[in-house]
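Take them one at a time.

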Amino acid sequence: MSKAFPPIRVSRKLIPAVDNLRAFESAARFGSFTLSASELNLTQSAVSRQIKELETQIGVRLFERVRQRVVLSDAGKRFLPEVRHILVMAEDLMMRTMASSQSSSSLSIAALPTFGTRWLLPRLHDFIAQHPGIAVNVGARSHPFDFSEEPFDLAIHYGQPVWARASCLPLCREVIVPVASSALIEHFAPRCLADLASMPLLHVATRPKAWADWFDQHGVSVDTPYRGHRFDLFTMVIEAALSGLGAALLPVYLIERELDSGQLRTILDNMTASEFSYHIVVPDDKKDNRLIVDFCNWARDCIVRSPRGWG
């Protein structure tokens, strides 16, 4: 039996017509009802009427006339970003629905940006091959969100296994390795972990204490563990390490290709597990979904089969 959803309690009087929102956004962008009419293939009077309907519905003026132009009122300036957001969401909804309608099934995955790019996407072809006709949508999300407000079937999460109205299924540990380019390692020739302290260090902004914690964990005393170059993203740190700017602490899954090709080398072959783990997050109302269960099993199997054993 299909699940019955409660009716949505919204007032029809407060729901604006999409055509009126489009006319408002276009007129705001051009500063002209005439140019907006040309873009929308309408008459100038039709655009004026649509905006007037919107103003009447809201109860405020959205435009002021200045000489031969129309400019946004203060209320219009506040209204415009939200209108653009609604229009983009409506277009995205239609495109996703049209795409999935051409497929026998669909799966929407919210992935951590770097995890999605570096680990998931290079392997996703295998899962798709096992499910002919599937349409997959992958979006980037860095923080927990409400599944009832976001169009995703599952998420890949790093950190504590806590997520409202969802279950966090263990996927893998995160294994961290100190790496650098061959040229840098040969130049400094580190013989023990303490020698790392003399090498230039690379830091990622989201984990500013990574090197300090790593040295403490290994009992290495370093006066200035925070010195060195700092970057916003792991991808930037990887490129910096490849170019020889310094040594970096990186999760193995991010640099499998670089390690396999020899572009990056582990320093003294030292690996440690980070404090947290990766999880697949499944909303409570989808835990029995066959496709989601298949994805969870497939992802875990990929970790188990990893030649570097970082699962």
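1. Which residue in E9 is the bridge partner of Leu-201? Find Leu-201 and look across: the partner is Ala-247. Keep in mind as you go that this is a predicted model. The pairing here is between strand E7 (residues 201-204) and E9, which run in the parallel sense and share 2 bridges.

2. Now look at E9 and E6. These two strands are antiparallel, with 4 bridges joining them. One spot to check is Val-177, whose bridge partner in E9 is Leu-250.

3. How covered is strand E9 (residues 247-251)? Mostly covered: 5 of its 5 residues are buried. That goes for both faces, with Ala-247, Leu-249 and Pro-251 buried on one side, and Ala-248 and Leu-250 buried on the other.

4. Next, helix H10, which covers residues 290-304. Its 15 residues reach 21 Å from the first C-alpha to the last, close to the 21 Å expected at 1.5 Å a residue. At the start of the helix, have a look at Asn-289: one of its side-chain oxygens comes to within 3.0 Å of the backbone nitrogen of Leu-291.

5. Which residues of H10 are buried? They are Leu-291, Ile-292, Phe-295, Cys-296, Trp-298, Ala-299, Cys-302 and Ile-303. Look down the axis of H10 and you'll see these buried residues fall within an arc of 165°, so they line one face of the helix. On the other side, Arg-290 and Val-304 are exposed.

6. What do the buried residues of H10 pack against? Quite a list, including helix H5 (113-130), strand E6 (166-180) and strand E11 (272-283).

7. Last stop: aromatic rings. A search of the whole structure turns up 20 aromatic pairs. One of them is Phe-115 with Tyr-278, a tilted pair at 5.0 Å centre to centre, with 35° between the planes. Phe-115 sits in helix H5 and Tyr-278 in strand E11, so this pair ties together parts that are 163 residues apart in sequence. Phe-115 is buried, at a relative accessible area of 1%, and Tyr-278 is buried too, at 2%.

8. Finally, colour in one aromatic cluster: its members include Phe-115, Trp-119, Tyr-278, Phe-295 and Trp-298.

Conventions: Residues numbered from 1 in each chain as written. Predicted model: local features only at pLDDT ≥ 70, side-chain atom pairs only at ≥ 80, totals over all residues. Heavy atoms only, no water. Expected span 1.5 Å × (residues − 1). Buried < 20%, exposed > 50% of the residue type's maximum accessible area, 1.4 Å probe, protein only. Arc of directions from axis to C-beta. Contact = heavy atoms within 4.5 Å. Polar contact = N/O pair within 3.5 Å; in protein donor to acceptor, adjacent residues only side chain to side chain. Phe/Tyr/Trp six-rings, centres within 6.5 Å; stacked < 30°, edge-to-face > 60°. Pairing = 2+ DSSP bridges.
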